[in-house]
Amino acid sequence: MLKNLLVHIPTERLIRPVVDGAISLAVTRAAHLDAVSVGYETANVGLAIDGGAAVAAVFEIERERALARANAALAVFEAEARNAGISYGLQPLAYLPAEAAATVGASARLYDLTIVLQPEPDRDTFDNTMPQEILFQSGGPVLFIPYTHKGPFEPRRIGIAWDGGRLAARALRDAAPFLARAQAITIISINEAQAPADPSAAALTAHLARHGLTARIERMTADHADIQPTILSIAADSGLDLIVMGGYGHSRFQERILGGVTRGMLQSMTVPTLMSH
């Protein structure tokens, strides 16, 4: 059940795709939608200023400017949310990037789903890092909306990237509210003949059938570097509106290290993608 949603609204990137996607989902699910936006503070403000009072004043000005950026982004969201008639809340924040990631990641733990904008590799902003941090820190499903997405989010045809692993199973369970309303479900199984999934794609089909859901299996073979492009190729051929997959990665010395397929999907996403870590 999707009744309590969170959307991250960037302050330094185009926001229309994630605003439209999140609000349309809240409308179709009659869900409450909270929007959080962070104006990022600069860590080196005041380093060249003598005197504690002067430094404090400069930091306060920087914080006010950061909050103003967050409120400006939320104003766009609020206008659309009010027009849509949904229940919503606003959370403007001003933090250093690391503090912002910890705060938003923790906040997301009490929501059924968090909606974020796909990172843009060519943009140098922490707004690109925040979605990945939410994936790692929230403990719940994260819906990535492509930055090329236009219009409402209507997941009628859903693809499940299935390798039988724990994270794929977690994503499957997290996607249950979407699968229950799907018109068509495609199980995407890559290299099953070489490395059989356990449980298999066929076992997943039987599992879904017990829930009254019919799925077909699309089996493909690909080199490891081509797995992510193969998933997107199947998505295009099948006309998918949503991809469900595990968000693979780990932390090494406080650095987030994404798995190759996950990293490739975040870089080249063409379809809204639900990930669970």
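## A helix across the sheet

Contact here means heavy atoms within 4.5 Å. The model is predicted. In this model, helix H9 (260–268) lies across three strands: E5 (142–145), E9 and E12 (273–276). Its direction is about 150° to that of E9.

## The sheet

Ten strands form an open sheet with mixed pairing. Their order is E3-E2-E1-E4-E5-E12-E9-E6-E7-E8. Strands E3 (88–95) and E8 (215–220) stand at the edges. Each has a single partner strand, so one side of each lacks a neighbour in the sheet. On average, neighbouring strands are turned by 25° against each other, direction ignored.

Strands of a sheet pair through backbone hydrogen bonds, either parallel or antiparallel. Strand E6 (residues 157–161) and E7 run parallel, joined by five bridges. Ile158 stands opposite Ile185 in E7.

## The largest pocket

The largest pocket has a volume of about 380 Å³. It is lined by 21 residues. Trp162, Asp163, Ile227, Tyr248 and Val261 are the closest to its centre. Strand E7 (184–190), helix H8 (227–238), strand E9 (242–246) and helix H9 each supply at least two lining residues. By class, the lining has twelve nonpolar, seven polar and two charged residues.

## The second largest pocket

The second largest pocket has a volume of about 210 Å³. Of its 13 lining residues, Pro119, Pro121, Asn128, Gln132 and Gln267 are the closest to the centre. H9 supplies the largest share of this lining, three residues. By class, four lining residues are nonpolar, five polar and four charged.

Conventions: Residues numbered from 1 in each chain as written. Predicted model: local features only at pLDDT ≥ 70, side-chain atom pairs only at ≥ 80, totals over all residues. Heavy atoms only, no water. 1 Å grid on protein atoms, 1.4 Å probe; cavity = no way out; pocket = protein on both sides within 12 Å on 5 of 7 lines; lining within 4 Å. Points joined across faces, edges and corners; volume = space filled by probe spheres on them. Helix = DSSP H or I, 4+ residues; strand = E, 2+ residues; numbered from the N terminus. Nonpolar A, V, L, I, M, F, W, Y, C, P; charged D, E, K, R; others polar. Pairing = 2+ DSSP bridges. Axes fitted to C-alpha atoms, helices over the stretch in contact; angles between N-to-C directions.
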